[in-house]
Amino acid sequence: HPCPKFLTTLLLLLLAIRCVAQEQTQTKGCVCGYPGIPGDPGHNGSPGRDGRDGIRGEKGDQAGPIGPAGNNGYKGDKGELGAVGPAGLKGKRGDNGERGPPGKMGPQGVQGPIGLKGNKGELGLPGPQGPKGDLGIPGPEGQKGETGLRGDRGIQGPLGPPGRPGPKGEIGVPGHKGNIGYRGDRGTRGEKGDRGEKGDALVISKSAFCVGLTALTKLPAANAPIRFDRIIYNQQNHYEPQTGRFTCSVAGAYYFTYHITVFSRNVKVVLMKNGAKIIHTTDNYQSSEDQAAGGAVLHLEIGDKVWLQVAGGELYNGLFADEDDDTTFSGFLIFSA
């Protein structure tokens, strides 16, 4: 309760003030008189420091009341597996499960004992006819039968001996013409005849050409006749350098061939006849000069045209020619029609 503490503090302050007053009186040499009226109580002083813990007291005789139950603690770690307990009682029989698939066929069992004889069965169907039996003993001779019907005509007998010659007949019809007889001897040589008139002279048809590219016409344009401007042979003028086409003047069989030096680009050329593609030749450029060639035999009529052209665009026109390398196109008549 705060009241006793307050009174005790007040008394201590009054005692301290009195002691101070006596000391001042003695210092001045004054005679102490009666005590004055007590002053007002001073302000509360600062609380003192906590005292040291005392010695633990002895255990009391009576236990205190039981406190309230604490909160549930955290779940502990799972303990180690305990020992196997004793086997429980046998449970009730469970329901039957679904029927499983049939198992593999087991080995053949031991042959059982022979059963009892069964009852007699019904009469079965008649069996097949048995084999023919042996010939029996001949029976007694029967009575003579009636006359039978007339039989068929028999086979013709052998030819009899020839009769006597008859009288001479009349003259017959003339016979057929006989075969040609043997060849007779060679006759004498006849006289020399007059000289005949002079015939037409034998005409031998000719048609051939051989042309090549130059440094100016190498790497030709695609999808157009290649204009070979180097004339190696063209006596009949059947090849036209301005157009690059060969025109047939003599109907017959012709052989065309071409030899190509491949450089810097791939090559794909086609031999054309009147706008139709006959044969293709392709060569892929690697890193140095390469060679490609092709040829075919064609039948041409008068006016047919044959030429060589690049197919596949500008990437396939690697036909090359210079002072040391050639690309040529040739053709000639094998025989006339």
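User: Which strand holds Phe335?

Analyst: Phe335 lies in strand 10; strands are DSSP runs (E, at least two residues), numbered from the N terminus. The model is predicted, so local features need pLDDT of at least 70 and side-chain atom pairs pLDDT 80 or more, while totals for chains, interfaces and linings use all residues. Residues are numbered from 1 along each chain as its sequence is written, and side-chain values use heavy atoms, without hydrogens and water.

User: Why is Phe335 called exposed?

Analyst: Exposed means over 50% relative accessible area, buried under 20% and partly exposed in between (1.4 Å probe, protein chains only). Phe335 has 51% and is therefore exposed.

User: Why is Phe228 called buried?

Analyst: The relative accessibility of Phe228 is 0%, so Phe228 counts as buried. Phe329, also at 0%, counts as buried.

User: What makes Phe228 and Phe329 a tilted aromatic pair?

Analyst: Rings of Phe, Tyr and Trp (its six-membered ring) pair if their centres lie within 6.5 Å; planes under 30 degrees apart count as stacked, over 60 as edge-to-face and the rest as tilted. Phe228 and Phe329 have 5.7 Å centre to centre and 40 degrees between the planes, which makes the pair tilted. Phe228 lies in the loop between strand 1 (208–212) and strand 2 (230–233) and Phe329 in strand 10, so the pair ties together parts 101 residues apart in sequence.

User: Why is the pair of Phe246 and Phe256 edge-to-face?

Analyst: Their ring centres are 5.6 Å apart and the planes stand at 70 degrees, so the pair is edge-to-face. Phe246 lies in strand 4 (residues 245–247) and Phe256 in strand 5 (residues 252–273).

Key
Helices (H or I, at least four residues) and strands (E, at least two) are DSSP runs, numbered from the N terminus.
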